[in-house]
Amino acid sequence: MSQKSLIILVCLVSMIFFGGEVYAQTKEAKPIVFGVAIAQTGGFARGARSELHSVILASEQINKAGGLLGRPVKLVIYDDQSKESVAVSLYRKLIYEDKVDFLLSPFGSAQTAAVASIIEQGQIPCISPMAADPRIWEVKRNWNVQILASSAEYFREGIDLVANEMGLKTIAFVYLDSAMQVSIVKETTKYLTEKYPNVKVVLDARFPVALEDYTSLLAKAKASKADALFGGGFLQQSIEVVKAAKSVGYEPKAINVVFGPDPLFYEGLGKNAEGVMSTSGWEIGTPTPGSDEFTKTYQARWNEEPYYDMAACYAAFNLFAEAIRNVGSFDKKAIRDYLYKIKTTTVYGDYAVNENGAQIAKKMLTIQWQNGKKKILMPKNYRTAAPGPLWGVK
Amino acid sequence: MLAHSPSRDFETSRKTKELSMEMILDPILRGIAVGVLYALVSSGFALILGVMKIINLVQGEFLMLGGYITFYLALFFDVNPILSLPIVFVLIFLFGILTEQVIDPVASKESAGVLLTFGLAAFIRNLALIGFTANFRIIPYLVDPFTILGVSLPQYTILNFAIATFSMATLFIFLKTTSWGKAIRAISQNVNLAQVCGIEARKIRLLSYGLGAALSGIGGTLLIISRNVNPQMGPGYLGIMFAVVILGGLGDIVGACVGGIIIGLITAFGEFFFSSTVALAIVYLLVPLMLLVRPRGLFNRGEL
C-alpha cells in the first residue's frame, strides 16, 4: 500500500468513525421540548398566528445552528381553540403527560391568566410572550415571566402625544370588554389622572365581543365631542371601531386603537386607516439587535411582513435559548433564576422583570398610518414622521 | 378624580338633550338599518323552517359563503360588490340545493335533522377555515357618512336597506303571485293536503331550501361591506336568526321580517340608552319570554 493510499484510507476510516459519531450524537441526542398551546381556530386564530409562526421560525433557526447545547429543539404545539378552558386542559397535558422541559404561554391575556397557576404548580420555566394584563403578575409568579410591555405602557406615549402636541382636553374610550383592553384603559385612565388632571374622560364605553352594529356606540362617542378616541379591541374590533367612527362622521383630533399595526388593519379599512394611530411594541426598522435579520428571515419563511407580536414571540423563544446557553445546562431552576435576573435587549426591545415576573423595561411605540405606511410618532427620538391629520382632514 | 368620572359627564350631556328629537330618531334609524339586514338573513331561515319543518343550523354558513364569494370576486376579478349579488344568489342557491339533498332523507325526523345540520355546519365551517384561513375579510365600500334627519349613518346603510327591501319584496311577490310560490305556501301550511292537490313536495322543498340559502347568501354580501366575514361567523348570526324567528313566529316569513326590524330597534335603543351588553341581553331575554308568553310569535301564526 502506497503512502497516498494509506492517507486516503486513514481519512476514510476517520470520517466513518468521527463523522458517524457526530451524526449519531445529533440523531440520538434527546430533544429539548418546548410546549405551547396557541389558538389556531376561534376568535384569536388570526392574531395568534404571530406566536405560532415566530416560535416555529425561532426553533428552526436554532436547530439549523446545531440546537441548544448539542440537543435539538422539539416543539409540542396544541390548538387552544381560543378557549380558556381548553388552554387549561392543554397545559396540564403539556406538563404532566408530555412532560415538556419549557413552556411558552398561550396567545392573549385571558388565556395566559387561565393557565398561570397550572404553570406555577408544574414548576416549569415559562415565558409569556402575548400577555399584557398586569393583573397576571400582581401576584408573585415564580416560573413565568412577561415579554410584552405592561398594559400601563400601551397608550402612555399616545396620551403624551395628544396631550402635548394636539391640545387634548377630552377623551373617549370605546373598547372591547376583555381582560387586556379593560386593563389598558384602566391603566391609561390612571395615568391621565396623575399626569393630565385637566383632561376629562367624557365617555367610557365597553362593548361585548358579540356586538354587531358599532355605529350606535360611535354615535355616542361623536355626541360626547371628545377630542380623542382611544380603545378598540383585537384586530377585528379595532377595525370596526374606526370604520364606525368614520361612518357616523365622528372626526376627533386623534384615534388610537390597539392592534393597528397589523397589515390587515390597513387592508380592512383602506384609506379610512389613514391618520389612525396605534400602539406598537416593535416596527420594521426599530433599532434593536437582530431586528433587520428577523424581518428578513420572517418574511422569507412566512411570506408576510412581521409586526410587533411576531417580534415579541420570536424574542421570547430566543430569550429561552439565550438563558440555556448562558446557564450552560437545562436545569429548570437555574434557567428560571436567569430569566428573573437578566437585563437584556432582545429583537423586541428591552427586557427586565420584577420579582413577580412582570415586564418593567419595555416601552411602547405610537405609530400612525400615513400613505399606507406605518410611521413612528413616539417616542420622539424614534420619530419617522410628524403627526398627520386623521383621514387627511385638517 | 371628578375630572375622570365618565358616567357623570356623559349623564350630564345626556340630560341636556333629554327631549331632543335626535335622541329618538338616532336609535330608530339605526335600528331599522340593522333590522332590515336581520330580517333578510332570517327570512331564509324562516322559509326553510316553514316548508321543511327543520331548524337549519347551516344557515349561518350560507351567510358566510355569500360574503366570501363577494370577497373573492372583488379580489380576483375586481367585481363590484353590488354586481356580485346575482352571482352570489345563483351559487348559494345551487349550493343550497346540494345541501338539501343531504338533509332531505332525515328531514322528517326532527332531532336527526337538526343534528345533521349541526354536523354539516361544523363541517362547512372547518372546511372554510382551511380554505379561507381564519382571517376575517372586509370590503371597505361606502363607509363615508350621510346625514338623514340630523342623524349620521354610513352610506352602506342605504345599500343594505335597498337590497334587503328589494329581496324581501321580491320574495313576497314570488310567494303571492307565482304558482311555485303558492306551492311553497301550500306545502308550508299542510304538506299532505298540498300533495293531494298534485304539488310535488320534493321539488318544493328543494326550491325553498335553495331560496332560503340564497337569501342568506345575499345577506353575506351585505355583511362583508358593513361588517366582516370570517369562517366562524355562522353561529353568532344563527343566534340572531333564532331570536328573530321566535319573535316573528317559527316559519312565518312576514313575522321574520317584522321580527328582524324589531330586534334591530331593540338593539339600537338598548345601545343608545344603556350599553351594548345590555342591548344584547335584552335581545336574548326575548327568546325565552316569547316562547313562554307568545310561543306562536307576534302574529300568532308560527309553528309550535
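1. This is a predicted model. In the contact between the two chains, chain A contributes 40 residues and chain B contributes 35 residues. On the side of chain A that touches chain B, two or more residues come from each of helix 2 (45–64), helix 7 (179–195), strand 7 (200–207), helix 8 (215–224), helix 9 (235–247) and helix 10 (263–269) of chain A. Strand 7 of chain A gives the most to that side, namely 7 residues. By class, the side of chain A that touches chain B has 18 nonpolar, 14 polar and 8 charged residues.

2. Chain A has two assigned domains, each made of two segments: domain 1 covers 32–149 + 286–351, and domain 2 covers 153–280 + 365–392. Taken over C-alpha atoms, the centres of domain 1 and domain 2 of chain A are 28 Å apart. Their contact involves 14 residues of domain 1 of chain A and 13 residues of domain 2 of chain A.

3. On the side of domain 1 of chain A that touches domain 2 of chain A, helix 2 and helix 4 (109–122) of chain A each supply at least two residues. Helix 4 of chain A has the largest share, with 3 residues. The residues of this side divide into 7 nonpolar, 3 polar and 4 charged.

4. The largest nonpolar core comprises 224 residues, and Val174(A) and Leu218(A) have the most contacts inside it. Helix 2 (residues 21–52) of chain B gives the most to this core, with 16 residues. Leaving aside residues up to four places away in sequence, Leu218(A) touches Val174(A), Val241(A), Ala244(A), Ala245(A), Val248(A) and Tyr250(A).

5. Chain A has an open sheet of 7 strands with mixed pairing, in the order 7-6-8-9-10-13-14. Strand 7 and strand 14 (373–378) of chain A each have a single partner strand, so one side of each has no neighbour in the sheet. Neighbouring strands of the sheet are turned by 25° against each other on average, direction ignored.

6. Within the sheet, strand 10 (residues 277–280) and strand 13 (residues 365–370) of chain A run antiparallel and are joined by 4 bridges. Ser278(A) has Ile367(A) in strand 13 of chain A as its bridge partner. Helix 6 (residues 156–165) of chain A packs on the sheet and touches strand 8 (228–232), strand 9 (254–257), strand 10, strand 13 and strand 14 of chain A. The direction of helix 6 of chain A makes about 75° with that of strand 14 of chain A.

Key. Residues numbered from 1 in each chain as written. Chains lettered and ligands numbered in written order. Predicted model: local features only at pLDDT ≥ 70, side-chain atom pairs only at ≥ 80, totals over all residues. Contact = placed C-beta atoms within 7 Å. Nonpolar A, V, L, I, M, F, W, Y, C, P; charged D, E, K, R; others polar. Domains from an automatic or database assignment. Core = buried A, V, L, I, M, F, W, Y, C linked by C-beta atoms within 7 Å. Buried ≥ 20, exposed ≤ 12 C-beta atoms within 10 Å, placed from the backbone. Pairing = 2+ DSSP bridges. Axes fitted to C-alpha atoms, helices over the stretch in contact; angles between N-to-C directions.
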